[in-house]
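Good morning, colleagues. I would ask you to turn to the structure on the screen while I take you through several of its local features.

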Amino acid sequence: MLLLSLLLFPLLGAVILTALPGAGRRGSRESAGVGGGRFAIAWAVIPLALVVIMGIPHPTPDHGVLASWSLDWIPSANIKLAFSVDGISWVFLLLTALVTMFALAISPRFGLGSRGYCALILVMQSMLFGVFTAGHFIPFFLCWEMTLIPSYLLIRLWGGDGATRAAMRFFIVTLFGGVCMLLGFLALQISVGTMDFAELTEMAANKELAASVGAALESTGYGGHYLLTIIAICVFLYVQYTGIRRNGIGGYFHHLAGSPKDVVGWCLSPLMFLLEVVGELIKPMSLSLRLFGNIFGEDTLLAVFALL
């Protein structure tokens with residue numbers, strides 16, 4: 001219940017903030033805003049205290065889990081609302097609680113601190129708590145996407161010049177990324193039969209995850225390598241198309257020639273053209289190797305943490 005209280009407490013504070021009196025005259029609204037800011041700062045201390053209490057050394061028989069809470073949502077599909085806190089996620093909870101409290105405390109210096117602003121900050125805190133403690137992809141995805149709403153409103157309403165455009169771009173990019181992530185995990189559910197992080201970690205440690213995903217890709221008749229190659233080629237062609245569309249055919253080839261501006265530049269343009277073409281072909285390969293190294297290193301690190 002301690003973890004559930006931590007997840008819901010900021011939401012309760014946001015509800016109380018929106019229900020505070022002071023919707024009448026301008027003066028009363030301003031005083032309510034000041035009072036709402038102070039209330040939000042005081043309220044943010046409580047989640048911080050809960051996180052500290054959660055981290056106090058105590059017997060943890062369940063593989064280092066400090067706190068957990070779960071509720072079966074769709075048992076037939078093995079979907080549940082599962083949250084848990086271990087040593088790593090506890091650090092992120094502590095940082096989230098500290099940053100939220102300090103952000104609310106420093107906001108009045110920048111003319112921020114209305115009830116709506118503070119309520120959105122608390123909602124954001126609650127959703128981040130869910131992101132860092134989710135033990136299943138579905139609650140992780142829901143909390144992740146729910147952060148879009150307070151983030152969009154905070155940028156849109158208190159972001160200054162160009163806030164409307166920036167907020168919309170942020171919303172679209174993050175939503176699109178979330179949809180792609182959802183499709184990926186749905187494919188994982190179909191191929192291995194689970195989206196539970198603990199089960200996926202155990203499968204990865206036993207080298208069963210890669211085998212299951214590879215078998216699922218091979219069953220499509222195309223294989224994972226061919227599919228990824230097709231996607232990479234599409235991205236490469238789209239980059240070239242974007243360069244031609246923005247610069248025109250002449251501007252595109254002028255860029256490939258090194259953008260010459262004088263006689264020396266034009267004399268070197270054939271060499272520069274060759275180097276630019278080779279560079280355009282090498283960049284996808286170098287970026288692929290770097291991405292492979294990043295992903296391999298991340299998976300190795302997660303496996304090491306899982307086996308501690």
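Which side-chain oxygen reaches the backbone nitrogen of glutamate 199 at the start of helix H8? The oxygen belongs to aspartate 196, and the two atoms lie within 3.1 Å of each other. Helix H8 itself covers residues 197-205. Beyond this helix comes lysine 207, with a positive phi near 60 degrees.

Please bear in mind throughout that this is a predicted model.

The chain contains 11 helices and two strands. Read from the N terminus, the order of elements is α-α-β-β-α-α-α-α-α-α-α-α-α. Of the 308 residues in the chain, 30% are buried. Among the contacts with a separation of 6 or more, 61% are between residues 24 or more positions apart.

I turn next to the aromatic residues. A pair of aromatic rings is described by two quantities, the distance of the centres and the angle of the planes. Over the whole structure, 15 aromatic pairs are found. One of them joins phenylalanine 9 to tryptophan 43: the ring centres are 4.5 Å apart and the planes meet at 20 degrees, so this pair is stacked. Which elements does the pair bring together? Phenylalanine 9 belongs to helix H1 and tryptophan 43 to helix H2, residues 26-55, so that distant parts of the chain, 34 residues apart, are linked. Tryptophan 43 has a relative accessibility of 12% and therefore counts as buried, since the limit for that class is under 20%.

A second stacked pair is formed by phenylalanine 140 and tryptophan 144, with 6.4 Å from centre to centre and 15 degrees between the planes. These two residues are four apart in helix H5, and about one helical turn therefore separates them. Are the two partners buried or partly exposed? Phenylalanine 140, at 17% relative accessibility, is buried, whereas tryptophan 144, at 34%, is partly exposed. Both residues also belong to a cluster linked by ring pairs, which comprises Phe137, Phe140, Phe141, Trp144, Phe185 and Phe197.

With residues up to four places away in sequence left out, alanine 40 touches Leu17, Leu104 and Cys118.

What does it touch, residues up to four places away in sequence not counted? Its partners are Phe170, Phe171, Thr174 and Leu175. For threonine 174, the C-alpha to C-alpha distance to leucine 148 is 7.6 Å, across 26 residues of sequence.

We come now to the second largest pocket, which has a volume of about 230 Å³. It is lined by 14 residues, and those closest to its centre are Leu7, Leu8, Phe83, Met127 and Cys143. Two or more lining residues are contributed by each of helix H1 (2-18), strand E2 (79-85), helix H4 (115-133) and helix H5 (137-146). How many of the lining residues are nonpolar, polar and charged? The lining has 12 nonpolar residues, two polar and no charged.

Finally, I would draw your attention to two serines. Serine 259 sits in the loop between helix H10 (224-256) and helix H11. Most residues other than glycine have a negative phi. Serine 259, which is not a glycine, has a positive phi of about 50 degrees. At 32% relative accessibility, this serine is partly exposed.

Serine 269, by contrast, is found within helix H11, residues 263-307. Its relative accessible area is 10%, so it is buried. Where does its side chain reach? The side chain of serine 269 comes to 2.5 Å from the backbone oxygen of tryptophan 266. Apart from neighbours within four places in sequence, serine 269 is in contact with Ala257 and Pro260.

Thank you for your attention; I shall be glad to take questions.

How values were computed. Residues numbered from 1 in each chain as written. Predicted model: local features only at pLDDT ≥ 70, side-chain atom pairs only at ≥ 80, totals over all residues. Heavy atoms only, no water. 1 Å grid on protein atoms, 1.4 Å probe; cavity = no way out; pocket = protein on both sides within 12 Å on 5 of 7 lines; lining within 4 Å. Points joined across faces, edges and corners; volume = space filled by probe spheres on them. Nonpolar A, V, L, I, M, F, W, Y, C, P; charged D, E, K, R; others polar. Polar contact = N/O pair within 3.5 Å; in protein donor to acceptor, adjacent residues only side chain to side chain. Phe/Tyr/Trp six-rings, centres within 6.5 Å; stacked < 30°, edge-to-face > 60°. Buried < 20%, exposed > 50% of the residue type's maximum accessible area, 1.4 Å probe, protein only. Contact = heavy atoms within 4.5 Å.
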